[in-house]
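Subject: Structure handover

Hi,

My notes follow below it.

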Amino acid sequence: MQLPIVESAPIVTEHSAAFQDLFKNRNQFQHFQNYLTGLIVLDNKTMANITRCILDSADKTNLSRFFSESDWEVELVNKERVAYLLRKTEKQRLSTRKSVLPIDDTLFEHVGSLFEYIDKHYNHGNNTYPLAHNLVTSHYVSGAVRFPVGWRLYRRYEECTQWEVFVAKHFPEAVIPQRKKERNKFKKQVEPTLLADPEFLALHEAFRTKVSLAVELVKEAIEQDLPFETVLFDSWYLAPELIEVLAEYGKKWISILKINRNISTNNLRILDEEGQRIQFEKPKIKVEDLIPLIPPSAFKPVELDGRTYYCFSKNVHIPSLGKVRLVISFENPDLEGTCAVLVTNHLSWNAKKIIQTYLLRWPIETFYQDAKQLLGLNQYRMRKTQAIQKHWCLVFVAYSFLH
């Protein structure tokens, strides 16, 4: 049933006053309240449907101009949202030591290519490349207090730099390979020429990897005085660029480790079933090759939330990461099937605490699910990035008010 919006939802009225000074006039603030109300109470979250349901507006284009032309600043609204949440949850939050900042990314799939900066991104869930926006976000988890913090739009290198356009400009006769291996080889061949073009060089330097965006999100969270000690992420973000920044700010981290990563065997002491030290022939060994060498008796049962995991943990040295603590975990005592491998700079933590803390990354996944299904995070039809960013900002606000 379609609900008419005759006034702001009570929860919006209760919490929105803190944001009023961020808007230029009363009309902008009313649009802010109306849109939040539409996101929360309507089944169809698109701007077109929200405008249809607003009864006190004679001109239905007003809300559209609120996104496309109004000069309210997304950064200020989001900054105030985080500050407001910190004030409201002061008594409910845990200590800084027990609070974490998960980082992850999600896809907003769309049909058609009219959206600004939309591109084909890899969906690891089903191994497809849909047209989508790819959003990298940070989340705050401190006990029952859980809310999104910031976001950055990731743009693929070829889309960001208009790579194919510049290839056609400098190599008009060239046929761009479609296969990944041949395409990468071709990129290396044309790169010197493209980088000599000042216009392309400016776009090249503006490109940001997902890891670079994660670095920005961590710095932003620290600047906003979010009290957390540990950052959580998957193997995609496990790179020196991020690790070095976390070390600079004195932050801890936990990540999934790919099993093809190398571990230094120098000073790696592992005993076999007879108590003899295992001798390694090479200075490095992949995690997947190390696991079969670890005796089953070295895996200890760990009880966690009614489930038993069988874990091996040890401090090791990984090139580019330095000294870290490794946790290898199976779900059965026979140590069969796939295993989870975690790595962290919490060198003194046991396996249970490491796994328990890393599981706090899950709220960012439930945020994506709830915000998409219930608040229209991916149900936008605006074509310009400026307007889309405002939509994302207000979805974050609506989620925070409900939380």
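How many helices and strands does the protein chain have? The protein chain has 15 helices and twelve strands. Both are DSSP runs, numbered from the N terminus: helices are H or I with at least four residues, strands are E with at least two.

First, the ground rules. This is a predicted model, so local features need pLDDT of at least 70 and side-chain atom pairs pLDDT 80 or more, while totals for chains, interfaces and linings use all residues. Residues are numbered from 1 along each chain as its sequence is written, and side-chain values use heavy atoms, with hydrogens and water left out.

Overall picture

Along the principal axes, the C-alpha atoms of the protein chain fill a box of roughly 85 × 65 × 40 Å. Of its 403 residues, 49% count as buried. Buried means under 20% relative accessible area, exposed means over 50%, and partly exposed is in between (1.4 Å probe, protein chains only). Take the contacts (heavy atoms within 4.5 Å) with a separation of 6 or more: residues 24 or more positions apart account for 63% of them.

The largest pocket

The largest pocket holds about 1600 Å³ of space. A pocket here is an open set of points on a 1 Å grid over the protein atoms alone, where a 1.4 Å probe fits, with protein on both sides within 12 Å along at least five of seven lines. Lining residues have an atom within 4 Å of a point. Grid points are joined across faces, edges and corners, and the volume is the space filled by probe spheres set on them.

The lining has 39 residues. His121, Tyr122, Asn123, Lys210 and Trp236 lie nearest the pocket centre. By type, the lining divides into nine nonpolar, twelve polar and 18 charged residues. Nonpolar covers Ala, Val, Leu, Ile, Met, Phe, Trp, Tyr, Cys and Pro; charged covers Asp, Glu, Lys and Arg; the others, Gly among them, are polar. Elements that each supply at least two lining residues are β1 (100-109), β2 (119-120), α6, α8, α10 (210-223) and α14 (362-375).

α8 (residues 180-195) has 16 residues. Its end-to-end C-alpha reach is 21 Å, close to the 22 Å expected at 1.5 Å a residue. That expectation is 1.5 Å times one less than the number of residues. α8 bends by about 40° at Gln189, and Pro192 follows within four residues. The bend is the angle between axes fitted to the seven residues ending there and the seven starting there. Arg183, Phe186, Val190 and Leu194 are the buried residues of α8. An α-helix has 3.6 residues a turn, so residues three or four places apart point the same way. Cover for the buried residues of α8 includes α6 (157-161), α7 (163-170) and α9 (198-206).

α10 is mostly covered, with ten of its 14 residues buried. Among them are Lys210, Val211 and Ser212. The buried residues of α10 pack against β1, β3 (131-142), β4 (145-154), β5 (230-233) and α11 (240-248). Asp225 follows α10 and has a positive phi, near 60°.

Two loop residues

Thr209 sits in the loop between α9 and α10. It counts as partly exposed because its relative accessibility is 31%. Leaving aside neighbours within four places in sequence, Thr209 contacts Tyr154 and Glu241.

Lys282 is in the loop between β7 (262-264) and β8 (284-286). Its relative accessibility is 59%, so Lys282 counts as exposed.

Best wishes
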